[in-house]
Structure formats: structure tokens, C-alpha cells
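Let's take a walk through a protein fold together, one piece at a time. Have the sequence and the 3D view ready, and follow along as we go.

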Amino acid sequence: MNTHPAPTADADPRPLLGEPLPLDLLNTRWIDDSGAHDLLESPGGLAIWLSSAGLADIAPDTQETLGALLATRTALSSIMASDGPDLERSREMLNDTLGHGRIRRLLGTAGPETLVETDTPGWVAAWRTADLYLHLLEEGPDRIRKCANPECPLRFYDTSKNGGRRWCSMTSCGNRAKTRRHYERHQSTFRRGRATAAGDPSEGA
């Protein structure tokens, strides 16, 4: 029996927050020292993500919303990986998500208005996510990056001036890489020192 209470909507446990919506959706899956995690598959996880993404007021916490988001996440994951036999199918899945919504232009009392309409409220979050992915592709597809740590699945949109960001976070994967490089350099220097000593005939005389 699980005695731990479901996390509250303001307790987002993920290591990387604040990325554009499509990348933030992908980042609901992550890996840390305790193993692999999936926020959307955890108790209360959908409510947490909707709140964290700023969608809680417009997207309901329902099974329909969850199903639409999971399908959209699967499509985005495959598309960004740019490989695999299911790539074309993944494009179709994303287009299916986009087919559940539309942008409506109106003339309101204060001037032009733009409204997002979806078939049902359960598609609002997924549609907005898929639509924003198209905007990212139009604005800077080369800025959509995966963390340089091959074991880390997290993705980010590189907003650095020179476009040189490599890590999801310098405090996690970045520091681990620096520590690993330092260790490898130390080990290499140690091995070279031992090899030099072993080949020196004056040693042990």
C-alpha cells in the first residue's frame, strides 16, 4: 500500500523547468540517481504539469487531457529523435493533435482578437503544445537541443547569445561532466607516471 500522499500542484519535482511548452512536455520524463521518472504517470502528475505550464485555468485535469498529452509527447519525442521507422507515423500523430484545434480571428470591442478553439477542452493543452512546436521550428530549429549527457533525456531551447549551451543544467549534468573529465585526466596522469617509473632503470637501484 502506498502511504505517500500525492504531490501537490505546486511541487513540481522535475530537475528542469521553464522550457517552451513542447520541450517542457518532453521533460516530464527524466532520469536521476534514483532511477527513471515519468511525471504524467505519477499520482497527481497531470495537475502538477498543468499548473507548472500555466495551463491549469484552461485545461481540465481529465483522462482525455492526459491521453492527448501522452500521444503528443510520443509524437514529439520521435520527431525530435529524427530516426526510427515510426517517424512518419509520429508526424501524422502530431498533425492529428493539431487537427483538434484551430485559431479563430475576431473583431472585438477593443480591436482584433485571436481565440484558440479545440474540439473539446481535453485537447487544449496538447494543441497548444503542438502549435508552439511549429513556432519553434519556424523561429530556431537549431536551438532545440538535447542535453549533451547521453544518459539524460532532457531537452531545452538554447537562448544563449552564442548558441553554445550543451547541458540541461550546469549544476547537474554539466558538473558531472566536469567531474568526470577531471577524474579521467587524473587517472591518465597517474597511469603515465606509473609507466614512466616502470621503464626507468634507476628505479629500485
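How many residues does the hairpin use to join β3 to β4? The answer is two. Keep in mind that what you're looking at is a predicted model. Now find the two strands themselves: β3 covers residues 101-108 and β4 covers residues 111-118. They run antiparallel, and eight bridges hold the pairing together.

To find your place, look for Ile-31, which stands opposite Ala-36 in β2.

Asp-38 pairs up with Arg-73, and their closest N and O atoms are 2.9 Å apart. Why is that pair worth a look? Asp-38 sits in strand β2 (residues 35-38) while Arg-73 sits in helix α3, so the pair ties together parts that are 35 residues apart in sequence. A search of the whole structure turns up nine salt bridges.

Now that we've landed on α3, let's see what packs against it. One partner is helix α2 (residues 45-52): α2 and α3 pack at an angle of about 75°, with their axes 11 Å apart. At that angle, the two helices are therefore roughly perpendicular to each other. On the α2 side, the contact is made by Leu-46, Trp-49 and Leu-50, and on the α3 side by Thr-65, Leu-66 and Leu-69. Sort these residues by class and you get five nonpolar, one polar and no charged.

Another partner of α3 is α4. Helix α3 (residues 63-81) packs against α4 at an angle of about 140°, and their axes are 8 Å apart. That makes α3 oblique to α4. The crossing of this pair is left-handed. Quite a few residues meet here: from α3 they include Ala-71, Thr-72 and Ile-79, and from α4 they include Leu-87, Met-93 and Leu-94. By class, this contact has seven nonpolar, five polar and one charged residues.

Helix α4 (residues 87-98) and helix α5 (residues 124-139) pack at an angle of about 120°, with their axes 8 Å apart. Are they parallel or oblique to each other? They are oblique, as that angle implies. The crossing of α4 and α5 is left-handed. In this contact, α4 supplies Leu-94, Thr-97 and Leu-98, while α5 supplies Ala-126, Trp-127, Ala-130, Asp-131, Tyr-133 and Leu-134. These residues divide into seven nonpolar, one polar and one charged.

Note on methods. Residues are numbered from 1 along each chain as its sequence is written. This is a predicted model: local features need pLDDT of at least 70, side-chain atom pairs count only at pLDDT 80 or more; totals for chains, interfaces and linings use all residues. Side-chain values use heavy atoms; hydrogens and water are left out. Axes are lines fitted to C-alpha atoms, for helices over the stretch in contact, and angles run from 0 to 180 degrees between N-to-C directions. Helices (H or I, at least four residues) and strands (E, at least two) are DSSP runs, numbered from the N terminus. Angles under 35 degrees count as roughly parallel, over 145 as roughly antiparallel, 65 to 115 as roughly perpendicular and the rest as oblique. A crossing is left-handed if the near helix is turned anticlockwise from the far one by less than a right angle, and right-handed if clockwise. Contact means heavy atoms within 4.5 Å. Ala, Val, Leu, Ile, Met, Phe, Trp, Tyr, Cys and Pro count as nonpolar, Asp, Glu, Lys and Arg as charged, and the others, Gly among them, as polar. Two strands pair if DSSP finds at least two bridges between them. A salt bridge is a side-chain nitrogen of Lys or Arg within 4 Å of a carboxyl oxygen of Asp or Glu.
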